[in-house]
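I opened the notebook to look up the charged pairs, the helices and the surface of one model, and I keep the entries in the order in which I checked them.

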Amino acid sequence: MRLGVAVSGGILCACLAAAGAAGQAPAPDDRLGPPRPFPVGLDPNALEISERDPIRAALWRAWSLPSNDLRERSLRTQRAGLAHGLGNLVGPANALLLEPSFGSALERAELAAEIAPDLPASHAALASARFRDWKPGSAWRAFRDALAAAERHLEARLWLEATGADVLFGTLLGAALGFLVLSAAAAFPRFARDLHSLRELPGASAGALAVSVVLLPAALGEGVAGLGLGLAAFALVNGSWWRRACALGAAAVLMLALHPGLELRAERHAALAMDEIAVAAWSTEQGTPTASELARVVRHADSDPLAGRALALRLARQGELVLAEERFATLVDEDAPWDLTANLAAVRLLRGDLDSAIELYERAADRSESAVVRFDLAQAFGRAIRLDEQELALAEAQAIDPDILAELNHRYNGQDGAIVAYLPLGAEAVLGRIDGSPAVSTLARAYRRPLAPGRLGESMQQAALGLGLAALFGLGFGALLVRLAGPDEDLYAGIARLLQTRGGDSMARMAQIEELRTRQARMERFATLAALVVPGAAGMVSRRPLLAAAGVSIFACAASLWVFRDGAVADPLALGALPAGLVGVGLAGLALAYLFVLALAFVLRDRE
């Protein structure tokens, strides 16, 4: 139910956003769809491709023909796209998802998933619609398809990676600080008793001294990082070696969050705005780019390999096979990527050069495990009337991925001329260009400055040195207190000491014993309440620091997931309801995990 509500809410928000952007509902015969044809680009060089965009024109004509059947209209548009080598029509799919007047949510989502199988938003909407219709099995399959599509989709992948880096950083920071607070709080009672036995120091004064120790690094200009090390130093003053080891580990996690964690976060955030040429090339190869993206590809086609291959594929889809072959031929050599080789083979196949096409397809098939390449190779064998080899290629494609083969057969059945599937630029090639920018370190320092403005934020080495000094102080101070005040004693040790005391009033001793028992009962009630209210405290109360660490980490992950649920930037209409679905599934799983840890802590406590 949580998943259904979350995903449904995501779709509702997307629809409301689309309605607000449109200003008013479109006319019945002029609803949302592929943009009307317009000049290819603002740059004069872009007009060399065509005076008007033939792909958008074909899609618009197919979409605009009168029809009362939404399925017929959508599949007609899909066939128009396939005729130009487009198997993923994002514009029409978004139109279906964002316009409620087209039909039921389930029908629109099913059609969107069919005409745009690589758009995560279409599968996410389908999962939501099926879940609302009480079809959890098929809803879960659609949800998995949305995740798989998000991995292939550049914008969706960048969004998820940037948001995931945010959630990871928030989890590490929150878990480390949370556990250190718990450890320091657990160390305070013994600390106060030691000071009272040594100097008759009241509890309020002991608390003030503890706060001074904790806040000293932060007061010296180290910020939140210094606060964490202060908590770690105080947590190491006393306690079991397990608890001390966990506290030291939490402090190390805090330093890792501030350095590698923020480096990763900066890298993923910087990737959202880097390398406009690579992003434009990816958009062009996916289907219908914007005018500015296409103009950017044209301007850089001769100097940038990604732009060059994107322009070549664009020309092939427009039917300008001679120009496309010339451009592909300048990019393909023995070491060229297999998908680029396969696209040149497709162009030569469509031009009738069967022997060269088969040779190139076989070279691409030898270097990849792609069912699509083998499907195209089978089509080439079929045109060359080499039927035995065609059956063998189809069998290899079937063995690699029967689902893709069935989908390709379904899509291209009856398509005149469009018997091959082009292989657009994958997200991995673009990500390889994006990574490694010098802007990452600058952005990471900007993220780190509010949390660690001092030496701890300068480098990982400085942070490790600070952690070592905090550990030496905490362990050394703790050893000194044990030497001066003696070992700690629990309730039973205190009762035994009073019973062994000779002389004095026996009634006074019994009153002291009763006072000890009353105080112990009061402490246990307080501990039980804290275990229920404070995340991770149940593990600390049961003397299981690892359970405490697990509890506070789960809570920190859930809190971070909720805080960053809207993502690093606005959703680029690629994900739709998928983020809300991920948040819903994640929070539900974390809630179950937290309840399990809490129950386990209470069970282990009762066994003692």
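I looked up R71 and found that R71 counts as partly exposed because its relative accessibility is 33%, where the classes are buried under 20% relative accessible area, exposed over 50% and partly exposed in between, with a 1.4 Å probe and protein chains only. I note that this is a predicted model, in which local features need pLDDT of at least 70, side-chain atom pairs count only at pLDDT 80 or more, and totals for chains, interfaces and linings use all residues. Residues are numbered from 1 along each chain as its sequence is written, and side-chain values use heavy atoms, with hydrogens and water left out.

I then asked which residue meets R71 in a salt bridge. The partner is E114, at 3.6 Å from N to O, a salt bridge being a side-chain nitrogen of Lys or Arg within 4 Å of a carboxyl oxygen of Asp or Glu. The pair links distant parts of the chain, with E114 in helix α5 (residues 105–115) and R71 in helix α3 (residues 70–83), 43 residues apart; helices here are DSSP runs of H or I with at least four residues, strands are runs of E with at least two, and both are numbered from the N terminus. E114 is itself partly exposed, since its relative accessibility is 23%.

I went on to the other charged pairs, and by this rule I have 19 salt bridges in the count. R386 and E389 meet at 2.6 Å, N to O, and I recorded R386 as partly exposed at 28% relative accessibility and E389 as partly exposed at 32%. I also noted a network in which salt bridges that share partners join R157, E161, E267, R268 and E428.

For the length of α8 (residues 154–199), its 46 residues should span 68 Å at 1.5 Å a residue, and the end C-alpha atoms are 65 Å apart, which agrees; the expected span is 1.5 Å times one less than the number of residues. I recorded a bend of about 30° at F188, with a proline, P189, following within four residues, the bend being the angle between axes fitted to the seven residues ending there and the seven starting there. Just after α8, E200 takes a positive phi of about 55°.

I compared helix α13 (residues 305–317) in the same way: its 13 residues reach 18 Å from first C-alpha to last, close to the 18 Å expected. I found α13 mostly covered, with 12 of its 13 residues buried, including R309, R314 and R317.

On the surface I looked up a nonpolar patch formed by L529, L532, V533 and V534, with about 370 Å² of accessible area together. V534 is in the loop between α24 (506–533) and α25 (537–541) and is partly exposed, with a relative accessible area of 33%.

Methods:
Patches are made of residues with over 30% relative accessible area and no salt bridge: like charges are joined within 9 Å, nonpolar side chains (Val, Leu, Ile, Met, Phe, Trp, Tyr) within 5 Å. Accessible areas come from the Shrake-Rupley method with a 1.4 Å probe; for residues, only the protein chains shown count as cover.
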